[in-house]
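Please read the following report alongside the sequence and the model.

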Amino acid sequence: MSASLTVQLRARAPIPLQTSFQVAPREVLALVGPSGSGKTTVLRAIAGLHRQARGLVRCGNLTWLDSSRRIHMPPQQRRVGMVFQDYALFPHLTALDNLLLAMESGPIQGRRERAHQLLARVRLDGLEQRFPRELSGGQQQRVAVARALARDPNVLLLDEPFSAVDMMTRERLQRELALLRQQIEIPMILVTHDLQEATALGDRICVLHEGTSLQTETPERLFRHPSTPHVARLLGRHNVFTGTIIRRPEGERLAWGELELELGRPSGMPQGARVHWYVPDSDILLHRRGRPSRGERENPVHGTVTECVVLGAQTSVTLHCHATTANIRLSVSTHAARRNGLEPGAEARVSLLSSGIHVMTPLSEADTARD
Amino acid sequence: MDWTAFRLSLELAGWTTAILLPIGIIVGRWLATHRFRGRGFIEAFIALPLVLPPTVLGYYLLVSFSTDMPVGQLWHALTGEGLNFSFAGIVLASVVFNLPFAIQPVQRAFETVPGHLREAAWCSGLSPWRTFLRVEVPLVWPGLISAFVLTFVHTIGEFGVVLMVGGAIDGETKTVAIAIYDRVQAFDDEAAGAMSLLLLVVSFMAIGLVYGLAGRGRSVGVR
């Protein structure tokens with residue numbers, strides 16, 4: 001029976017940490033953040049390789065780290081399967097021997113059989129006797145995954161496992177990992193700086209910045225409801241604005257420049273509160289020229305196109321709103337952009353769907369001063 | 001041919017290598033895997049015998065081995081004998097003189113082992129000792145053999161330090177290199193030539209072995 005992993009880490013130096021999350025059995029938690037945000041350090045602290053971290057790491061009823069009780073298990077006693085960024089395969093051993101070395105004592109025949117099974121599970125049957133230097137990057141990664149599983153770990157930790165391979169191999173390996181995880185019943189943590197990868201493979205995403213976990217959510221909720229403007233920026237989201245909550249007889253409204261926007265659900269903020277708010281790309285509807293459509297009366301915004309960047313099938317359009325002097329960025333299909341004559345200088349109308357408007361945090365004093 | 005001197009040189013080289021090999025592994029690995037202040041100073045100290053004239057090193061050892069000095073006093077208290085002009089004295093002098101030959105190849109070899117490999121071994125459940133034996137030694141053994149061979153051969157050919165500390169006492173401190181010098185001084189070209197040729201062959205074979213291993217080490221291909 002697998003157990004969930006509880007992590008609460010803190011450290012001041014050399015790398016500051018203030019992180020806490022839980023990962024359930026069979027769940028993949030993706031740790032994302034920019035370079036130097038402490039993702040790998042968190043993983044190393046869970047594995048027992050980063051000794052400066054304080055706090056608590058518990059897997060089921062096993063306590064691996066509890067600094068209040070002076071418990072600090074060495075990596076050997078933690079039963080952690082770790083896939084390193086550069087795979088760290090033992091270069092003098094064959095693929096099979098890499099796995100056998102990670103298996104605890106027991107009858108050699110049984111261990112061999114299990115090592116063969118694991119290699120077959122990552123589709124490396126027939127390559128057991130190859131040395132790491134005789135394997136491709138993708139094959140090396142699969143040996144590393146099989147070796148991490150060879151110890152029958154309680155937790156699987158993957159440190160940017162796809163960063164060292166080309167795009168094509170990456171997609172194939174991601175697919176394989178998605179299939180493999182269906183057979184793994186332990187908590188898994190995937191460190192990545194690639195949001196697409198985190199969304200594709202993670203059940204939940206934990207956003208890290210300077211060692212601090214800012215928000216942990218399912219990808220869908222995270223991208224629609226980032227908790228702060230900072231998280232939104234780290235996720236590469238645009239369309240974060242400031243506004244004021246006002247109450248009208250017909251309901252709560254968000255004052256944004258000269259506009260008053262309808263909200264899909266109560267913000268929970270008091271009357272007159274100055275707030276940050278966000279609307280995802282997917283909830284900005286472009287009005288078609290000369291062809292009124294459903295939803296056009298919902299929070300209409302009029303503006304001038306200032307930038308049009310064609311990115312293959314999609315075009316990123318920046319719209320300068322007349323009533324607020326803010327810039328909205330939306331993504332439309334390149335075909336629709338052409339058909340609607342979107343180009344710098346052109347006038348355009350969009351609707352901000354009220355269900356997509358997400359009121360985040362009240363403005364801090366510093367924000368207000370800047371405002 | 002002075003076989004006594006040759007046998008003495010082999011004994012001296014054997015003892016020196018046996019003492020230096022564990023020191024070389026411990027210190028070389030430590031220097032390769034740890035970053036700390038003063039590391040450069042320690043490395044410079046170890047490398048000093050490479051640049052210091054053997055007579056200078058020999059002089060300082062001669063002085064510190066005298067019974068007026070702590071090292072000499074300690075040895076005298078332990079064994080009741082003096083270090084200067086004794087076999088034990090030239091072994092100790094050789095150990096100091098050969099520190100860079102025993103430590104540097106080992107350090108270079110351990111530096112080629114990526115730190116991630118050790119961590120991967122720990123995460124695979126291997127104790128530090130098993131990690132050393134099963135992961136590190138198989139990757140660094142050409143460096144260990146190099147250190148072993150270089151120390152051994154360098155000791156056989158040692159002249160200045162041994163002469164300063166040991167003098168040239170037959171059967172006690174007169175090594176083959178000193179015997180060659182001694183034979184040349186006595187115009188015994190035949191004996192000097194035979195012993196020189198022997199040293200040349202032994203040195204060439206040893207250095208060939210070291211270079212062969214270095215090439216092999218490169219082909220192991222540590223990622």
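## Contact between the chains

How many residues of chain A are in contact with residues of chain B? In this predicted model, for which local features need pLDDT of at least 70 and side-chain atom pairs count only at pLDDT 80 or more, totals for chains, interfaces and linings use all residues. Residues are numbered from 1 along each chain as its sequence is written, while chains are lettered from A and ligands numbered from 1 in the order in which they are written.

The contact joins 19 residues of chain A to 19 residues of chain B, where contact requires that the C-beta atoms, placed from the backbone, lie within 7 Å. On the side of chain A that touches chain B, the residues divide into 12 nonpolar, 2 polar and 5 charged; here Ala, Val, Leu, Ile, Met, Phe, Trp, Tyr, Cys and Pro count as nonpolar, Asp, Glu, Lys and Arg as charged, and the others, Gly among them, as polar.

## A helix pair in chain A

Helix α4 (residues 137-150) and helix α5 (residues 167-180) of chain A pack at about 30 degrees, with their axes 10 Å apart; helices are DSSP runs of H or I with at least four residues, and strands are runs of E with at least two, numbered from the N terminus. The axes are lines fitted to C-alpha atoms over the stretch in contact, and angles run from 0 to 180 degrees between N-to-C directions. That angle makes α4(A) roughly parallel to α5(A), a term for angles under 35 degrees.

Gly137(A), Gly138(A) and Gln141(A) in α4(A) meet Thr169(A), Arg172(A) and Leu173(A) in α5(A), and the residues of this contact divide into 1 nonpolar, 4 polar and 1 charged.

## Two loop residues with positive phi

Arg26(A), in the loop between β2 (17-23) and β3 (28-32) of chain A, has a phi near 75 degrees, a positive value in a residue other than glycine. Arg26(A) counts as partly exposed, with 16 C-beta neighbours inside 10 Å (20 or more would be buried, 12 or fewer exposed, with C-beta atoms placed from the backbone).

Arg70(A), in the loop between β5 (62-66) and β6 (71-72) of chain A, has a positive phi of about 55 degrees although it is not a glycine. Arg70(A) is exposed, with 6 other C-beta atoms within 10 Å.

## An open sheet

In chain A, 5 strands form an open antiparallel sheet in the order β16-β20-β17-β18-β19, pairing being counted where DSSP finds at least two bridges between strands. Within chain A, β17 (residues 300-311) and β20 (residues 347-352) pair over 5 bridges, and Val301(A) has Val350(A) in β20(A) as its bridge partner.

How values were computed: Two residues are in contact if their C-beta atoms, placed from the backbone, lie within 7 Å. Angles under 35 degrees count as roughly parallel, over 145 as roughly antiparallel, 65 to 115 as roughly perpendicular and the rest as oblique.
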